[in-house]
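In this notebook I record what I looked up about the surroundings of a ligand and about one residue elsewhere in the chain.

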Amino acid sequence: MIIKKSEFTISSPSLAKCPDDTKAEYAFIGRSNVGKSSLINMLCNHKGLAKTSAKPGKTLLINHFIINNEWYLVDLPGYGYAKNSKTVRNKLEQMIAQYILQRKQLVNVFVLIDIRHEQQKIDREFVDWLGESNVPFSIIFTKADKLSPAKAKSNALLWMKKLQDRWEVLPPYFITSSEDKTGRDEVLDYIDQINATLE
Ligand code: GTP
Ligand code: MG
């Protein structure tokens, strides 16, 4: 798929304030600092489209970006950032849960996982919650440039394999790097395939 145009639409503090539009939405979620905003910029070939930061907790609102005037990429705040107060964390979790469970236009959630680390409890709980809630999702491993290709692949496979203790059917997964654009075509083709089924 070719992205001809990517534009920021709006930042929303709640589901109720999200755009009044019926176009398909693809949301990006994961721990704070995992690389959600960077991945959106990489997919769109558009530096600075989504705000990134070396400091965790940058994204605190639901951010919509319209692509080719046809569908949206949605940048969500990270979950589980310990330095946020409990009140802020609860508020963010509620906002994220409401968006994910109730947004009718949401066709797929991409859960981002830092490829360097073993499966963390917070990520696993989030993935289990999506599965239990019947939300369609896929896994995107980020920061693959920080490992050798072989190590990246074995880490991703091991992470996916661990899901088998509970899940029979595993979600699709992608290995990516926003630094060197690994996985860009694969993720965009996947979105394209889903979009084609919606037409
Ligand atoms: P929050 O909005 O705070 O939840 O973070 P985020 O998940 O949107 O992460 P963001 O894209 O802001 O990136 C966090 C940090 O990781 C930044 O310093 C990025 O430059 C770096 N980063 C993101 N993706 C990659 C990647 O693929 N490779 C490398 N080496 N660094 C990355
Ligand atoms: Mg962000």
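I looked up the shell of ligand 1 in this predicted model: among its 22 residues, K36, S38, T59, D145 and S178 come nearest, where near requires a heavy atom within 4 Å. I noted that local features need pLDDT of at least 70, side-chain atom pairs need 80 or more, and totals for chains, interfaces and linings use all residues. Side-chain values rest on heavy atoms, without hydrogens and water, while residues are numbered from 1 along each chain as written, and chains are lettered from A and ligands numbered from 1 as written.

I sorted the shell into three nonpolar, twelve polar and seven charged residues (Asp, Glu, Lys and Arg count as charged; Ala, Val, Leu, Ile, Met, Phe, Trp, Tyr, Cys and Pro as nonpolar; the others, Gly among them, as polar).

I then checked distances from polar side-chain atoms to oxygen atoms of ligand 1. The value for K36 is 2.7 Å, for S37 2.9 Å and for S32 3.3 Å.

I turned next to G131. Apart from neighbours within four places in sequence, G131 is in contact with F137 and W167 (heavy atoms within 4.5 Å). G131 and P149 lie 18 residues apart in sequence, yet their C-alpha atoms are 29 Å apart in space.

Notes:
A polar contact is a pair of N or O atoms within 3.5 Å; within protein, one must be able to donate a hydrogen and the other to accept it, and residues adjacent in sequence count only if both atoms are side-chain atoms.
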